[in-house]
Amino acid sequence: MTNRSDFPTITTNQPLVIIGAGPVGLAAAAWAMEKDLPVRVLESGNAVGSNVRDWGHIRLFTPWRYLIDSAGLRRLGEKGWAAAPLDDFPTGSEFADIWLDPLAESFGSIIETRTEVLTIQRPKGPGAPFRLTINRKGQIETVTAGTVLDASGTWRTPNFLGDGKPAKGELGAAVQYGAPDVLGRDRETYRAQRVLVVGSGHSASNALLDLDRLAQESPETQITWAVRGGSATRLFGGGEEDQLPARGALGTAVRDLISSGKIVLHTDLQIVAITNNEQGSHVIAKDGRVIGPFDAIVAATGQGADHSLSGSLALDLDPTIGAPRKLAPLIDPRIHSCGTVPPHGHTVLQHPEVGFYIVGAKSYGSAPTFLMATGYEQARSIIAALAGDWAAANDVRLVLPETGVCSGSDGGQTCCGDTSATETSCCALDAAAKRGGASGCGCNIAA
């Protein structure tokens with residue numbers, strides 16, 4: 001798309017409204033202000049980056065160079081802000097304190113915290129302004145917008161342990177979703193307890209490593225890990241092949257815990273029920289296996305996108321992933337997991353509802369392959385389109401570091417593309433292994 005006659009008009013009375021004052025929402029605001037577009041940012045939490053602060057105890061595997069948006073950097077540079085060392089790895093709290101807070105302060109009054117968006121409607125049809133119903137500090141109000149960017153994220157909508165819905169008995173079990181602060185505020189919940197961690201992502205890995213540290217202090221702590229997949233190799237990541245070393249080291253550390261016997265691993269465990277009695281919680285799998293009892297369960301099973309607030313709008317979403325239909329095949333975790341997401345901007349993210357965009361982690365639906373730099377490029381492209389700078393809007397560029405481990409089917413090319421580009425990559429090794437009849441390094445989820 002290079003132009004659209006029905007593109008919305010953004011005015012002071014009908015501004016660009018951004019839902020969510022997280023990293024991508026603030027990046028979009030920075031680009032909008034750079035383009036002189038009237039903008040308001042509505043944040044449901046008590047402060048900007050409220051979701052980030054929830055996992056503030058976790059150290060990111062992404063260094064600062066991938067966490068800083070260029071428009072925000074220009075804005076803060078004008079105010080004398082000193083960039084953090086680009087190769088350092090901040091915690092979530094450090095990221096919020098050092099980057100998000102100063103950036104938000106530079107915007108002045110455009111950010112409104114404790115303001116939850118309840119619904120987004122367009123009662124007068126295409127081309128008309130959007131009407132947002134909001135809860136501002138306990139008061140129900142209406143906000144008018146020319147364009148809406150939903151950057152509210154997925155952190156508040158974690159996936160259940162069951163397949164798309166709570167497993168039987170799950171809601172009555174001692175389950176904590178997301179990324180518990182095992183060594184901090186949640187220490188007493190897990191100390192000297194029998195703990196089950198469910199999930200195969202980085203949140204699960206962090207929880208397992210923290211639980212091991214807790215077990216070194218309290219040997220009574222018992223740790224069990226359960227994953228839905230059947231290949232344990234892929235769970236440990238790309239190790240030294242990962243272009244984000246901290247991410248590779250995370251998987252290597254978890255693999256070492258399994259090898260040492262400190263953690264019991266159950267693979268191919270599809271949970272259908274949880275029973276709770278005086279002994280604790282027992283987990284029942286689809287194949288009839290029963291594991292437990294457990295005193296606490298960590299559901300590090302990722303998040304999904306909740307589109308209920310925009311349910312009346314004309315959206316085009318992939319039914320499986322919950323991402324915009326054009327984006328879904330580019331990020332599908334059954335195909336991609338190694339930095340192979342191609343550049344994408346406003347044309348991929350647009351919906352039939354002209355002027356409404358979903359950006360950031362929420363645009364990926366349930367796909368776990370999102371990196372912050374991806375969201376920054378989304379925001380830049382969309383804002384350029386809204387400002388009528390079509391050359392900039394269509395010139396999307398994105399360079400993501402490979403993970404060193406891939407997923408997808410073997411169809412003559414590996415999921416990382418032409419293996420000749422990086423002979424020592426996991427994907428190259430995987431292709432060679434498969435040619436010899438072996439299973440490779442885990443590039444095929446179905447294997």
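Helix H1 passes helix H3 in a left-handed crossing. A crossing is left-handed if the near helix is turned anticlockwise from the far one by less than a right angle, and right-handed if clockwise. Helices (H or I, at least four residues) and strands (E, at least two) are DSSP runs, numbered from the N terminus. The model is predicted: local features need pLDDT of at least 70, side-chain atom pairs count only at pLDDT 80 or more, and totals for chains, interfaces and linings use all residues. Residues are numbered from 1 along each chain as its sequence is written, and side-chain values use heavy atoms, with hydrogens and water left out.

Two packed helices are described by the angle between their axes and the distance between the axes. Axes are lines fitted to C-alpha atoms, for helices over the stretch in contact, and angles run from 0 to 180 degrees between N-to-C directions. For H1 and H3 (residues 70-77), the angle is about 65 degrees and the axes are 8 Å apart. H1 and H3 are therefore roughly perpendicular to each other. Angles under 35 degrees count as roughly parallel, over 145 as roughly antiparallel, 65 to 115 as roughly perpendicular and the rest as oblique. On the H1 side, Ala-30, Trp-31, Met-33 and Glu-34 take part. They meet Ser-70, Ala-71, Gly-72, Arg-74 and Arg-75 of H3. Contact means heavy atoms within 4.5 Å. By class, this H1-H3 contact holds four nonpolar, two polar and three charged residues. Ala, Val, Leu, Ile, Met, Phe, Trp, Tyr, Cys and Pro count as nonpolar, Asp, Glu, Lys and Arg as charged, and the others, Gly among them, as polar.

H1 also packs against helix H4 (residues 92-107). Here the angle is about 35 degrees and the axes lie 10 Å apart. The crossing of H1 and H4 is left-handed. H1 contributes Pro-23, Leu-26, Ala-29, Ala-30 and Met-33. H4 contributes Phe-95, Leu-100, Leu-103, Ala-104 and Phe-107. The H1-H4 contact has 10 nonpolar residues, no polar and no charged.

A further partner of H1 (residues 23-34) is helix H11 (residues 372-386). Their axes come within 9 Å and cross at roughly 30 degrees. That makes H1 roughly parallel to H11. The H1-H11 crossing is right-handed. From H1, the contact draws on Pro-23, Val-24, Ala-27, Ala-28, Trp-31 and Ala-32. From H11, Met-372, Gly-375, Tyr-376, Ala-379, Arg-380 and Ile-383 take part. The H1-H11 contact comprises 10 nonpolar residues, one polar and one charged.

Within H1 sits Ala-29. Its relative accessibility is 0%, so Ala-29 counts as buried. Buried means under 20% relative accessible area, exposed over 50%, partly exposed in between (1.4 Å probe, protein chains only). With neighbours within four places in sequence left aside, Ala-29 is in contact with Ile-18, Val-41, Phe-107 and Ile-110. Ala-29 and Val-39 are 10 residues apart in sequence, and their C-alpha atoms are 6.8 Å apart in space.

Attention now turns to the strands and loops. Asn-135 belongs to strand S5. With a relative accessible area of 22%, Asn-135 is partly exposed. Beyond neighbours within four places in sequence, Asn-135 is in contact with Arg-114, Thr-115, Glu-116, Leu-118 and Ile-140. Asn-135 and Ser-44 are separated by 91 residues in sequence and by 8.6 Å in space, C-alpha to C-alpha.

Arg-114 has a positive phi of about 55 degrees, although it is not a glycine. Arg-114 lies in the loop between strand S3 (111-112) and strand S4 (115-121). Its relative accessible area is 43%, so Arg-114 is partly exposed. Lys-137 is not a glycine either, and its phi is positive at about 55 degrees. The loop that holds Lys-137 runs between strand S5 (130-136) and strand S6 (139-145). Lys-137 counts as exposed, at 52% relative accessibility. A cis peptide bond joins Gly-292 and Pro-293, with omega about 5 degrees. Pro-293 is placed in strand S14 (residues 290-294).

Over the whole protein chain there are 13 helices and 16 strands. Of the 447 residues, 52% are buried. Among contacts between residues at least 6 apart in sequence, 68% join residues at least 24 apart. The chain exposes about 19400 Å², and carbon and sulfur atoms supply 48% of it. Accessible areas come from the Shrake-Rupley method with a 1.4 Å probe; for residues, only the protein chains shown count as cover.
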